[in-house]
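Hello,

Here is the structure I promised to pass on to you. Have a look at it first, and then read on for what turned up in it.

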Amino acid sequence: MTTPAAPWLFVGTIPVADFPLTLAPFTMKETQLFSGAHSCPVNRGTPALLATAFLTCTYLGSGANTSELYMLAAGDTGKGEGSRQVYQRLVEVLRELRPRGITFHYLLPDVDWHNRVLLEIEKLPERPLLVADAGYMYAAKMSGYAASYDLFTPDIGELAFLADETAPHPFYTRHFFLADEEQAEDLIVKAYVGSNAASHMLVKGKVDRYVHDGKIVETVDAPDVPVLECIGGTGDTLTGIVSGLLALGTDMQIACSTAFHINRCMGLLARPTPASSVVDLLAVFPLAVQKEMLRTKV
Amino acid sequence: MTLLSRLRSAFSGSIFSGRLSPAQDRRRAEPSANPNAEAFLTFAGTGEVVQAESILQAEGLPARVMAPPATLRTGCDMVIVTSLMHAFRAVSILKAYQLTPLQMTPVGEDLLEPVSLFQHKDFGDWLMVRAANMKITVEKASGRIVNASGGGCPDVPYLAAQLIGKNIYETDSDRKDGQTLCGYALHLAAQELRRVQKSAGG
């Protein structure tokens, strides 16, 4: 395996049964993700995450940066075979790959495999930056090692899950529907008191919150596009942007803040309806980046 | 204790190997005289749990999905809880459907209840229903599913691809293709959406 020094690794699953186990760089063109001879649509899930990270490094980095992005993924429609292949391969290649950062995404939550992976990561000479979203964030919390992570990306409901020390999955979270924006501060405190939070958190909601060690450092509430809640994959695009920025070496707070703004701007510029998809949002990604550059006067 | 040593000790413990302590084994084996006593059935996968719930309810037996006891949790788990009195009948029925539970165990500790409330959001021509961490949206006039969002298990993007564009009354993909807790929550949201649409004359 020939890989660039310290790549950024994305670990997840592709929502089709026959996508083979793949550890390779990837590219994105129009509405398709490409890796070697394989391709898939980018409309949701890990493909949407990968596509957005690729666009982020393309428009906010130099062209060469995208070759440092690697995907480790396999087809999985929920039965877990692809997830297990990915877990196994990850444990095998971590020492050789020595990634500078890892974004964990849609994987069947499995505490046993999670702990094996974390054990291998702890053995690396230089600890990579660890970002966990989706199913892997659930596994990280359930394992009791949430504090080993650098960034979690929960929505308000998932924040309630992190705050509930007994819940093994958001499906069993107590008082899930009492979790609203007004309770966010309380839920954040509970998640940190129970050691069920990463050191940084990007809490998605009507108001987005960047949290560091239990303190809300920054909030973003505009532009407000309520229909984004209906659109599957908008959380994946947010994690893709923040991961792309971290892969470019951006400071954590700036990466989270920029990701909030670009994701919201895509929602504004695409003029979506509840029937839109992330493909519609990604089409305006370059414009959203320009708008963000004007906002920050970069 | 370092993180590494904590992880090592975790692997030698019973939680991650799925074994129970002798005390837990004794507790499980004690018969219950309580007529309201319950038992839970465990299965190889969550997809089988969803099927088992439908079958048992169709046969008139009490059956509901809950989280397994903490000692048996491995990740994305759920079990079927039924009455202890009917548990053996339930197992026989399921076997007839080629669905054999891994084990039947009397409930010996409080099991976690799944989220059972639904949230509705009206977006004019569209209606979104949320169950736990999953959301599904339909076009009111046609009943066409236009989006599915939320969740973190790998069947969620797959289910979304199966459901989007289909009529909510003409697809049962949410019931038969879901494999995880997120998939099950999406199924509950879809059922609620069917109920709401029907009562609204949609």
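**What was found**

In chain A, among contacts between residues at least 6 apart in sequence, 70% join residues that are at least 24 apart. Please keep in mind as you read that this is a predicted model.

**Chain A as a whole**

Chain A has 10 helices and 12 strands. Its C-alpha atoms fill a box of roughly 50 × 45 × 35 Å along the principal axes. The radius of gyration of chain A is 18 Å, which agrees with the value near 19 Å that a compact globule of 298 residues would have. As for burial, 57% of the 298 residues of chain A count as buried.

**The sheet of chain A**

Chain A holds an open sheet of 9 strands with mixed pairing, and the order is β2-β6-β1-β7-β8-β9-β10-β11-β12. The edges are taken by β2 (22–25) and β12 (215–220) of chain A; each has a single partner strand, so one side of each is left without a neighbour in the sheet.

Further in, you can follow β1 (residues 8–14) of chain A, which pairs with β7 (residues 101–104) of chain A in the parallel sense, over 4 bridges. One pair to look up there is W8(A), whose bridge partner in β7(A) is G101(A).

Two helices to view with this sheet are α1 and α7 of chain A. Helix α1 (residues 45–60) of chain A packs on the sheet and touches β1 and β6 (69–75) of chain A, with its direction at about 150 degrees to that of β1(A). Helix α7 (residues 234–247) of chain A also packs on the sheet, where it touches β1, β6, β7, β8 (129–132) and β10 (200–203) of chain A. The direction of α7 of chain A makes about 175 degrees with that of β7(A).

**Where the chains meet**

Between the two chains, 46 residues of chain A are in contact with 44 residues of chain B. On the side of chain A that touches chain B, α2 (81–97), α3 (111–123), α4 (134–143) and α5 (156–163) of chain A each supply at least two residues. By class, that side of chain A has 24 nonpolar, 14 polar and 8 charged residues.

**Chain B**

The domain assignment of chain B gives domain 1 (36–111) and domain 2 (118–199). The centres of these two domains of chain B, taken over C-alpha atoms, are 25 Å apart. Domain 1 and domain 2 of chain B each bring 8 residues to the contact between them. On the domain 1 side, helix α4 (residues 46–58) of chain B gives the largest share, 4 residues. That side of domain 1 of chain B has 4 nonpolar and 4 polar residues, and no charged residues.

Chain B also has an open sheet, with 4 strands in the order β5-β6-β7-β8 and antiparallel pairing. At its edges stand β5 (118–123) and β8 (145–150) of chain B, each with a single partner strand, so one side of each is left without a neighbour in the sheet. From one strand to the next, the twist averages 15 degrees.

Strands β6 (residues 126–131) and β7 (residues 134–139) of chain B run antiparallel and are joined by 6 bridges. Here V129(B) has I136(B) as its bridge partner in β7(B). Helix α8 (residues 181–199) of chain B packs on this sheet, touching β5, β6, β7 and β8 of chain B, and its direction makes about 35 degrees with that of β7(B).

Happy exploring, and best wishes

How values were computed. Residues numbered from 1 in each chain as written. Chains lettered and ligands numbered in written order. Predicted model: local features only at pLDDT ≥ 70, side-chain atom pairs only at ≥ 80, totals over all residues. Contact = placed C-beta atoms within 7 Å. Nonpolar A, V, L, I, M, F, W, Y, C, P; charged D, E, K, R; others polar. Pairing = 2+ DSSP bridges. Axes fitted to C-alpha atoms, helices over the stretch in contact; angles between N-to-C directions. Rg over C-alpha atoms; globule rule 2.2 N^0.38 Å. Buried ≥ 20, exposed ≤ 12 C-beta atoms within 10 Å, placed from the backbone. Domains from an automatic or database assignment.
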